[in-house]
Amino acid sequence: MTWEPVIGLEIHVQLKTETKMFCRCRNGFGGEPNSQTCPVCLAFPGALPVPNRRAIEETIKLGLALDCTIAERAVFHRKNYFYPDNPKAYQISQYDEPLCARGHLDVPTEDGVTRIGITRAHLEEDAAKNVHVAASGRIHGATATLVDFNRCGTPLVEIVTEPDIHDAETAKRFLQLLRQTVVELELSDAELEHGSMRFDVNVSVRPEGSDELRTRTELKNMNSFNFAAKGIEREIARQIRIYEDGGVVEQETLHFDPVHEESPPLRSKEEAQDYRYFPEPDLVPVEPGRDLVDRLRGTLQELPGARITRIAETLSFYDADVLVTGGLDRLWASLVDAGADPKEAANVLANQFVAAGIDPGTVDAHELAKLVSARAEIPRAAFDEALAKVGEPGFSADPYLEQKVVADTAELDPIIQRIIDANPAQADQYRSGKEGLLGFFVGRVMKETGGSADPRVVNERVRALL
Amino acid sequence: MTLDTLRLSAEEANRLVSDGEVSSDELYRAYLAAIGERDPELHAFLYVCENDSGEGIPIAIKDVIGTRGIPTTAGSKILESYIPVYDATVIANCRKRGLRVIGKTNTDEFAMGSSTENSAFGPSHNPWDPSRVPGGSGGGSAAAVSAGLAPWALGSDTGGSIKQPAALCGHVGLRPTYGTVSRYGVVAFASSLDQVGPVARNVRDCAFLYSVISGRDENDSTTVDVPAVELPTAEDLKGLRIGVPKEMNGADGIEDGVTAAVQSALELAESLGASVEECSLPRSVDYGVACYYLVAPAEASANLARYDGVRYGLREDGADFREMVMKTRDAGFGDEPKRRIMIGAYALSAGYYDAYYGTAQKVRTVIKREHDELFERFDVLVSPTSPTVAFPIGAKIDDPVAMYMNDVLTIPSCMAGLPGLNIPCGLSEGLPVGLQLIGPQLGENTIFRAAHALEQAIGFDVVPERLR
């Protein structure tokens, strides 16, 4: 039997507002534990929430970017549960009247666009951070829990997708594209390693062609998109194996362990918890006016998904995707405007530029464009050195462009011959069919010439002289 | 100068201090002396401040209202050790006017009750007859003002906790329009109903204190702008249209003596120029109490969930978080909060929400609409505040439903978010009878004017007979 995976995502994004969602404490990462707290976010008796206007506006902006309907009247609810990171014992969240609902995100793929439905995007407050104290630092085997309330009450947007995703690769692309959208809207840093973007994945499988929804499992704790893709693939395989062996999949939550790359079940959730939601009586409903929504809509620029599709008309889909989700496509467009070849510019950005770890915002596109255009004519070493410095203030490509690559065979042949003569054993092996040794000779020549030789010519001549 | 705190109004006390006839400290000490003399019998206070900063007159504060540096227990063992790090907005407002906190007054635990018998620290006693309850939950503030232990006080009212004790102790108490007084810093019982309000010896003091504490507060999103408060001077009721809802004046359980006192007050009102006409609130009275006992416990079940032993207050150790929370809450809460948490959690549970909490919210809308319709024809509605005079301590403590019925006449207008004020209108069996005046939203000035004129005409002596 062929099986079809059914995947839905639940993403949390921390908004980078100045202050927390319902109080005036600073919203920022990295303060001393419990230094960014007040009676409101510590849930002292009598404290009351006051909503953060900016957070509401930013959530609406994201909703607009996801083509959601913006509610004329949105309501905050209390979600009740006891946990040490939840000081009021209820989280102020949204339930059946969220700010944003019924949208979608179009994920470009090589075969066109895959539309992923957005069920809702709502605003809530984040929990505090529990620090489980144990030798391993993991939840299993912890002996004590410390609570840092700095994060408690910071604004969090929850985005829930429809179960429209059917493979791990699309899930990964969706997450990358959503992240880039959020970053460009300047709502959040969306850094997975700091937890400012977190996601849970719901996975089930069903016989191909069926429209049933079988028991799903929830994957948590994945701190990279690649781990997410791996985790999803492994979970799909596990569920298929269970069904094919005649078993049943249990509803449970799996915590992904990136070190061991396995998903040990953390806890089973056979019964859904009853959160006893009810409208938060300390807050009045949020009623965003048409004027506000129109103003926020006016601030939106062309979104990453649309740009991938547009750029893929010029470049390969792969290059377009890498440029946009890497936040490099605006620089790429400037390079092209400054005269660089589109394909060359994309190659340089996606490879050497990314590897050099340079902030695209610091780059003078004209200088980098000159460099890209001259790449074949200047020595590799000069190019690499120049690229490393392209982000420095006042950088000029000109001094590097004066260095010319050596492509003259009259100059190169004696050097190549000398190296062949010095390595007779390797030369014999090459001649008897071990073609991989070509690289050995090319490398020696490049080293000998201090990187100034044209690698294409060297390749050609090494072959000929051997 | 000898200060008779039993007779001194806040207005007069304030004049004495402003004119330099008495110093603020002297006045404060006079009230401390009265507390020393009469509070051992009455137990109006849970905590007495030996001193408090300010240049004005003293005020007693119900112990659900947070006071920086002064213990605030809400009448509960779970907060026995709790000292707030911030002032409630109403306290900050009082301090801006120089008012000095003289002490924290007894209350039913988390303001849940009608007699103060649910206080974890023992009941307060009625100054008219110490074997009887002072009402509740604000019985401490009521007893303190009635017995001259403070010139005035702040109370809080969720379903009648200012108005009913004022009725039972024979003085004035206002539950303001919902949203006119900040709840910031007030220990929450039922957020959509809780309102802080003034407890005073007369209507002018009540109006003045309301002007001090009311107004929009950036720390409470549910507050609104409040019209300027007018201190009442009128002695007639010309043009005032009084509605007398028959269900509230003829409800089961209203004592004959209560009906008689209210009836003569209404006759007096007519003689002062008011028109008095019977009207009807058919569903508000029938369903008010049932509706209240779903909405208020539901909100309370969430509001009281923060008392988990993690950050402040009582903590009972346990093997893990769950056990610690369970032991702490079991030891820290009395029977009434536990009862209401259970009712509330049940009413909000999946599968029951629509039938209970959801339905109660719909009924609440009906109650509000019924009241709104009457205020198209009337300026104020009048009824007894409490069906009975003060009852003996212990008489109803084992029968929660009988206790809940004390609030049958105060609850409907609370559910509608409307202001209501009690003035004493006479005696029955030697105990005060309270008259309730209910106004439209933000109708406090109308209520003050009507209540002041009636108060002057009735001429009730607020000093308990046994203390005169």
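Modeller: Let us begin with a convention: axes are lines fitted to C-alpha atoms, for helices over the stretch in contact, and angles run from 0 to 180 degrees between N-to-C directions. Please bear in mind that this is a predicted model. On that convention, helix 12 (residues 409-422) and helix 15 (residues 455-465), both of chain A, pack at an angle of about 55° with their axes 10 Å apart.

Biologist: Why is helix 12 of chain A called oblique to helix 15 of chain A?

Modeller: Angles under 35 degrees count as roughly parallel, over 145 as roughly antiparallel and 65 to 115 as roughly perpendicular, the rest being oblique. The angle here is about 55°, and therefore helix 12 of chain A is oblique to helix 15 of chain A. The crossing of helix 12 of chain A with helix 15 of chain A is right-handed.

Biologist: Which residues of the two helices meet?

Modeller: Helix 12 of chain A contributes T409(A), L412(A), D413(A), I416(A), Q417(A) and I420(A), which meet V457(A), V458(A), R461(A), V462(A) and L465(A) of helix 15 of chain A. By class, this contact of helix 12 with helix 15 of chain A has seven nonpolar, two polar and two charged residues.

Biologist: What describes chain A as a whole, in helices and strands?

Modeller: Chain A has 15 helices and 14 strands. The C-alpha trace of chain A spans about 85 × 60 × 50 Å along its principal axes. Of the 466 residues in chain A, 40% are buried.

Biologist: How many residues of chain B are in contact with chain A?

Modeller: In chain B, 35 residues are in contact with 24 residues of chain A. On the side of chain B that touches chain A, helix 9 (282-303), helix 10 (321-332) and helix 11 (335-348) of chain B each supply at least two residues. Helix 9 of chain B gives the most, with three residues. The residues of that side of chain B divide into 20 nonpolar, eight polar and seven charged.

Biologist: Why is D286(B) called partly exposed?

Modeller: D286(B) lies in helix 9 of chain B. A residue is buried at 20 or more other C-beta atoms within 10 Å and exposed at 12 or fewer. D286(B) has 15, so D286(B) is partly exposed.

Biologist: What confidence does the predictor give the complex, in ipTM and pTM?

Modeller: The ipTM of the complex is 0.96 and the pTM is 0.89. For chain B the mean pLDDT is 97, and 100% of its residues reach 70 or more.

Note on methods: Residues are numbered from 1 along each chain as its sequence is written. Chains are lettered from A and ligands numbered from 1 in the order in which they are written. This is a predicted model: local features need pLDDT of at least 70, side-chain atom pairs count only at pLDDT 80 or more; totals for chains, interfaces and linings use all residues. Helices (H or I, at least four residues) and strands (E, at least two) are DSSP runs, numbered from the N terminus. A crossing is left-handed if the near helix is turned anticlockwise from the far one by less than a right angle, and right-handed if clockwise. Two residues are in contact if their C-beta atoms, placed from the backbone, lie within 7 Å. Ala, Val, Leu, Ile, Met, Phe, Trp, Tyr, Cys and Pro count as nonpolar, Asp, Glu, Lys and Arg as charged, and the others, Gly among them, as polar. pLDDT is the predictor's confidence in each residue, from 0 to 100.
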